[in-house]
Every structure is written in C-alpha cells, then in structure tokens.
Number of protein chains: 2
Amino acid sequence: MTDPASTALFTDHYELTMLAGALRDGTADRECTFEVFARRLPDGRRYGVVGGIERLLEAIENFRFGDAELQALGRICDEEALSWLRDHRFRGRIDGYPEGELYFPGSPVLTVRATFAEAVLLETVILSILNHDSAIAAAATRMVSAANGRRLIEMGSRRTHEESAVAAARAAYLAGFTATSNLQAGHRYGIPTAGTSAHSFTLLHDSERSAFEAQVAALGTGTALLVDTYDISRGIDTAVDVAGTGLGAIRIDSGDVGVLARQAREQLDSLGATGTRIVVSGDLDEYAIASLRAEPVDGYGVGTSLVTGSGAPTAGMVYKLVEVEGRPVAKRSSHKESRGGHKGALRTHKDTGTAIEEVVYRASDAAPPKAGPHDRFMQIPLMRDGERVDDLPTLEDNRQRLRHALVSVPWEGLKLSAGEPAIPTVFADAEHST
Amino acid sequence: MTDPASTALFTDHYELTMLAGALRDGTADRECTFEVFARRLPDGRRYGVVGGIERLLEAIENFRFGDAELQALGRICDEEALSWLRDHRFRGRIDGYPEGELYFPGSPVLTVRATFAEAVLLETVILSILNHDSAIAAAATRMVSAANGRRLIEMGSRRTHEESAVAAARAAYLAGFTATSNLQAGHRYGIPTAGTSAHSFTLLHDSERSAFEAQVAALGTGTALLVDTYDISRGIDTAVDVAGTGLGAIRIDSGDVGVLARQAREQLDSLGATGTRIVVSGDLDEYAIASLRAEPVDGYGVGTSLVTGSGAPTAGMVYKLVEVEGRPVAKRSSHKESRGGHKGALRTHKDTGTAIEEVVYRASDAAPPKAGPHDRFMQIPLMRDGERVDDLPTLEDNRQRLRHALVSVPWEGLKLSAGEPAIPTVFADAEHST
C-alpha cells in the first residue's frame, strides 16, 4: 500500500529516467530555475485566473517516497536513484502569483529554484494542479462576472472525476461562487455547502404535495422546493400551499428558464410569496447566466460548464527550464520557442487603478523595473527550503484579491466574447537567450 | 481526519437532506430502481464507451461513514440520519454494462436496486466516476481507431487534475493505448509506463551530445532520444552518432510533425538507422493522428486532448429514479422527459456480426425480447448485497471486449466526423410512464 497522502507517484515516468541519467553523469546537482507560464490563453479568453497554489504547496510537502513508492519504481530507477529518492524532500525556493491573481500570456506564474534533480521531479504534479484549478477558476470567474452579484451555487461534482470535483468546488469558491453542493469540499476547505432535493425525492413520494411536506418538515419553510417534476405552475401552487408565503425559494431545473422564471415570479407574487427566491439550474454557462440578467432570477445552480472549464478544461501552462547555474537556456527549434532566464513581472496601472500592461523582466538584471505608486510586482514568496513561508494568504484573502483584480481590468477585458488578452504582456530585457 | 479510503463525502449536500426527509416520513425504505443513462452522445459522436465500472464498485464498497465523516455532516443531518449513516453500508444490487462496452443514447448503462435511502446517496459518486472515465475512454477509443494499429502513449497527466490523470491513464489503456507516462496508474492498475526525457534534460547539459550520452548510458541504446531541442536534423545526426544505428527511437515534439517525420525517416535511413522508430507528440488529437497515417510515424504521444475527452470532457450520464416499489416513475414537465421502469437492453446483430440496434425493454415484463444467436443482453451482474460478484471481468478482459465491440460497429459508425449514433436505440415496451 502506498501512503495515501504521498504525491510522489503523480509523476511522469520520464522525470525518473532523467533523474537517474543526471545522477549518473553529475548534472543532477546543477542549480536550476524552472518557470510555469502559459504561452497563450484559451481561445478568445481575455484573462487567466491562478488557482491551486495552496493545493500545490501541500502536494510538494507530501512529495515523499516511502517503501511502497520506491518499490513501484524498482523497474525504472537504478540503485543510485532509488537511494537518492529515499531521503528526498524538496528543499528549493518557490515564488509565484498568489491564487486569485489574473495572469496573461507569458506571465511567470510560478518560479521553482532548486537542483535539477529536485525540480525536474515536480513537473507533473505542479502542472496538474495549476492547469486544472486555474482552468476552473477562470471559467468560474467569467460566470461570477456574468451573474453580476446574484448568487451562484456550484453543483457540477457529478460531471467530473470525484477528486477533481472537490478541487473544482474550491476554485469556484475562490472565484466568488456562494456555495457548493460538494460535501468533501465543504469539509476539506470550509466552503459553504448547499442543497435541498432532486426530482427523485418527489417521484419517491405518492404525490408532489407529500414530498414537499416531507422536505418542509425536515428543512423548514426557508428551504428551496424543486417545482418542475410534473407541472411547474401546479408545483408552485402546491409549494406555497405547503410552506406558506414564507417559502425560501423555488428551483426550476428544466425548460426555458427565463420565461419560466418570469411566470413563476408573477405567480409567486400573486400568491403573496413576494419574498420567495427563484433559483434556476440546468446546463447553464456564463452566456446563459448573462442572458438571464433581465429575468427575475435570484440565484443560479451551475454544473457541467463549471467543472469542465466551460470549453477550456485545462489552462495549458507549461513548466520550462529557463536557467542552469545562472545561464539562461531555452528550446530553439520551432514556434514553441521560449524565453530563457529567471523572470519577474510587474503589472503597471493608471492612476485610476486600471491595469496597463504586464511587464515581464529578467530577474537577474541589476535592478528591477521602476514601479509607480499603483504598480504591483506579481510574485510573492511561497516556499523556502521546501517549506511554506509564514502567513500565506488564505482562501478568503485570495477571493478578495480576485474581486479587486477584476476591478482593475480595462472594461473591454471583462467582455464574455472572444478577444485579445485584457492587457498586453511586454517582455523587457528578457531577450531570447542563446 | 477523514479516512482517505472513504468515498462517503464525494456526495452532494442534497442527497443527505433527502435522506433525512425520507427517514422522517417513512419513505426511506421504499424499494427503488435508479438507472444511469445518457440522453444523448456528445455532439456528433457515434458511440460511447463505458469506463470506470471497476473504480465505481470499489468506491461503493468504501462508501462508509466513520466518525470524521459523520462529524462533517453534523450541520446537515439530524440525529436520526446520523445514526442511520453510522451503520450504513450499501446492500443493494447493481447490474450494468461492463467496461469496454459501447453504449448509445438511452442505453441502461447501470441499474441500481436498493432502498431509496441507500440508492440516493450514491448518485454523485457513481456519476462522477462514470462520466469522467467514460468520456476519456470514448476519446481514447477514437484515437486508437485513428492510429490504426500504431502505438499510442498516454502522456496527459499534467493537463488535468492529479487524480483524474490516474483514472484517465486507466481509461486510455482500456481503450487500447499501449502505455502511459503516469507512474501512479502503473502502480495502481498495473498499466505499462513509458518515458525517457524532456527538453529540460538537454538544456541542463552543456551540449545536446552530452545529454544524449547521459541518456544512453542510463537507459541503453534502445531508448528514445528527443531530437528537437535545437536543430532537428543535427539532433538526429548526433543521436545516431551517440547511440549507433541500433538507436531505439527518436521523438519529435514540435513543428509540422508530418513533414518532419518524413525528413527524419530519410535521414535515419541514410545514416543506416533503418530500425530506429519515430515517435511524435505535441497537441495531437484523433484528427491529427488520422492525418499522419500516411507518414512514417511509429508511435504517438497524446496528452491534452486525451485527458480532456477531446472536446467532450464529460459523458453527460444521469442517474434517475425509474421505479418505486414496482411502480414506474418519471419526470414529466419538460423536454427532459425520461422513460420510467426498470429496463434491460439487447443488442441485435446480423449474421455477419454487425450490430443492428440497441433494444431497450422493460425488465419487469413477463419475458425479455427474443434474442437471436448473434444478439447480446448488455447488462451483467456487478454487485449483490453490496458486494462485488465473483469473477468480474478484468481490465485486460475489457480491453479485449472493446476491441471486439468496435469490430461489430457498422462501418459508418467508426468515422471520426460528426454524425448520428452508429446504431439506433429502439424502446420496446418501455412507454412513457404515467
């Protein structure tokens, strides 16, 4: 049995063969800088949102090879590599963009400085977490933007891998969702959970009325009753009859929810249930959410499109070696060219607080670019000697950070339609290496 | 700390509130049948592939509430529900399509028979696993089909959640991939793993030659050398110079891989390395794989498109209550209408073995439809009294099953282009319930 907490095997085979090769020829100890960045944003997206940093740091702390993990590598690694792995824990430095920060093409989202042996092993686990969580965070942010202050509940667990679901719920909360249906996310990350009943609960009962009565008995009149199992209009009548005009909410999960919400609002008001909220769900994405802005909808339940990144299920970040023993390095053979050298980023802003550009500069240069009073250096220290630095921002801090970051985006950059990145990335002093 | 093996919290909040409500009004013990099916296949897909059944059965066996899990539910459940959960283990029956089987719209992929309380709790964990693994299995199958016998290596771990990556590697292997880069998948499921080196290994070294020398020293001349870090043609020269004409393979990860593969083949042959294989990678999907059929490519490395389901990251299956105490039930209010009743499926075939249609019938009818000598009843017993039945097919069995199932698909159904399902689904005696 491998240790369930160990992340050591969330690793690609070639990281171990490279380790073995580098140990053998003495290059394993060379001091390296690896950088995580996205060459481009998903088609037409105007910003990316960093997600998963906290999960990532935890995964690196748990990147340890016990007996079971070493045994699993027996056929891949020679004795020298196995013995190196046995004592291994990561001792390098990591700096990066905090969660909830926006990023753009070429933003140095994460910088890992360690020996080659230490850093090369982390490629897969780092990218898995950042690519997944950032993809969900970006889609969720667009939905929050589209909802314009209305409540969003994440309920997509059933549409994605059971563990992705937990991470997706976390990323959605980071982005500003109100709650999640996922109990593990509630337990693991302290995120508010929500939920009342499914159609099966109504079908189980002899009548819709008896189902509503059972739910109100168990959850009180403040609950949300699902009214679209049979006939929505009769469902609403029954709901108010059972729960009274103090009914918390109704949920509509099917049909043309805009039209139905309008009809439901009229009906609820005419029954005196003027305070009863209307929650809609069923294949909503950011465009559907935006299209319902004019309708009397109080909250949205979002599933599939959230957990699949609404068309962009991965953020496409890469982990590239950019410096070896102080010497910038980069692949050269094709369009996939990368910029060598250890880099930093400065986001410049107008006096009004609106972002102007992402300045990516060579961190090894004598002086970083001059920052104005509204400008911000983007990376923060995350790990020193393989341990998380003190006082890292919390999930709540990062939720606020994203809210503020969005305010700084030029107006065009918040449009849902496809377009250019909200601000350009400018590479200052970060010439292509030789 | 919750038990890492427990799957009890991969559950939506509303399943617990329904449990509490049903326990309170006495409906919790009603015998129910829930059915998993897909209303439609992802846009233009011609078949679905069942994945994840084995993971699902294991997850159900581990669906137990210990102290930590119960504590997490304290604010959601009343005392009665908590005490019910404490002793709970699933004791129902499950039948379903085996992994590696094809499915079509309306195919009863899984049938769960248990009390409402037992069955309602499993909705999320069942759907998470089936929707994820089936989505990956279907995309992978299209790639295997497109590769037409050439080797496929799954290397997408870095593009998806770290645990999804393991399940995706398993689904790809089920579909016929040769190997995966994912070490956890190798360890957990006994899938062959593969990998040699990344560009970082070349960049780490003082020269491409010294990197190749290190790799050959560690892995032997049978290894695959990555030749596109600087100049591909010089990279191939150096590779053969270092490893000799017995070099196992070269890998090309960028550029127009079709053109480059042809040039590389000529160059390798002219150097006498006629047995050296050419592996290509870099943003390949089933269409790119198919387009390379005429090129001298010996193997493909596939990443992003595999783990994201190549445009269809979720299978869209639903879990619906279809029968209560022998009475068919179904939602009625909209286009989302479902067919009530406990159902079975028979796939009919011509004498030649080509599939004709998916006949979905009411299992409660006196006699199932008459099956011809080439026809097949699709469900097999999976779980009885909450325990896996003996002699379930293995991953290797199911890999063979899929290979055979594909042979039975009408020719049109194997096209990569968008179209109708490969065979129609016919609902016999499964009328809409009242």
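In which loop of chain A does Asn148(A) lie? Asn148(A) sits in the loop between helix 6 (123–147) and strand 6 (151–154) of chain A. Helices (H or I, at least four residues) and strands (E, at least two) are DSSP runs, numbered from the N terminus.

The model is predicted: local features need pLDDT of at least 70, side-chain atom pairs count only at pLDDT 80 or more, and totals for chains, interfaces and linings use all residues. Residues are numbered from 1 along each chain as its sequence is written, chains are lettered from A and ligands numbered from 1 in the order in which they are written, and side-chain values use heavy atoms, with hydrogens and water left out.

Most residues other than glycine have a negative phi. Asn148(A) is not a glycine, yet its phi is positive, about 55°. Asn148(A) is also exposed, at a relative accessible area of 54%. Here buried means under 20% relative accessible area, exposed over 50%, and partly exposed in between (1.4 Å probe, protein chains only). In chain B, Asn148(B) follows helix 6 and has a positive phi near 55°.

Asp283(B), likewise a residue other than glycine, has a positive phi near 55°. Asp283(B) is placed in the loop between strand 10 (277–281) and helix 13 (286–291) of chain B. With a relative accessible area of 63%, Asp283(B) is exposed.

## Helix 6 of chain B

Helix 6 of chain B covers residues 123–147, and its 25 residues should span 36 Å at 1.5 Å a residue; the end C-alpha atoms are 36 Å apart, which agrees. The expected span is 1.5 Å times one less than the number of residues. Of the 25 residues in helix 6 of chain B, 23 are buried, so the helix is mostly covered.

## The contact between the chains

Together the two chains bury about 7,700 Å², 59% of it on carbon and sulfur atoms. Buried area is the accessible area (1.4 Å probe) that two parts lose on being put together, summed over both. Arg158(A), Leu183(A) and Leu204(A) supply 11% of the area that chain A buries against chain B, more than any other three residues.

Between chain A and chain B there are 8 salt bridges and 48 residue pairs in polar contact, both residues being at pLDDT 80 or more. A polar contact is a pair of N or O atoms within 3.5 Å; within protein, one must be able to donate a hydrogen and the other to accept it, and residues adjacent in sequence count only if both atoms are side-chain atoms.

Ser197(B), in the loop between helix 8 (183–189) and helix 9 (199–204) of chain B, is buried at 4% relative accessibility. Beyond its neighbours within four places in sequence, Ser197(B) is in contact with residues including Tyr14(A) and Met18(A). The side chains of Ser197(B) and Gln215(B) are joined by a polar contact of 2.8 Å.

## Salt bridges

Over all chains the count is 53 salt bridges. A salt bridge is a side-chain nitrogen of Lys or Arg within 4 Å of a carboxyl oxygen of Asp or Glu.

| Pair | N to O distance |
|---|---|
| Glu123(B) and Arg158(A) | 2.9 Å |
| Lys343(B) and Glu35(B) | 3.2 Å |
| Asp133(B) and Arg55(B) | 2.8 Å |
| Asp269(B) and Arg265(B) | 3.1 Å |

Lys343(B), in strand 14 (residues 343–349), and Glu35(B), in strand 1 (residues 31–38), link parts of chain B that are 308 residues apart. Both Lys343(B) and Glu35(B) are buried.

Asp133(B) lies in helix 6 and Arg55(B) in helix 2 (residues 53–61) of chain B, so this pair ties together parts 78 residues apart in sequence. Asp133(B) is buried with a relative accessible area of 0%, and Arg55(B) is buried at 10%.

Asp269(B) and Arg265(B) both belong to helix 12 (residues 257–270) of chain B and are 4 residues apart, about one turn of the helix. Asp269(B) is partly exposed at 35% relative accessibility, whereas Arg265(B) is buried at 15%.

In chain A, Glu101(A), Arg347(A), Glu358(A) and Arg376(A) are linked in a network of salt bridges.

Notes:
Contact means heavy atoms within 4.5 Å.
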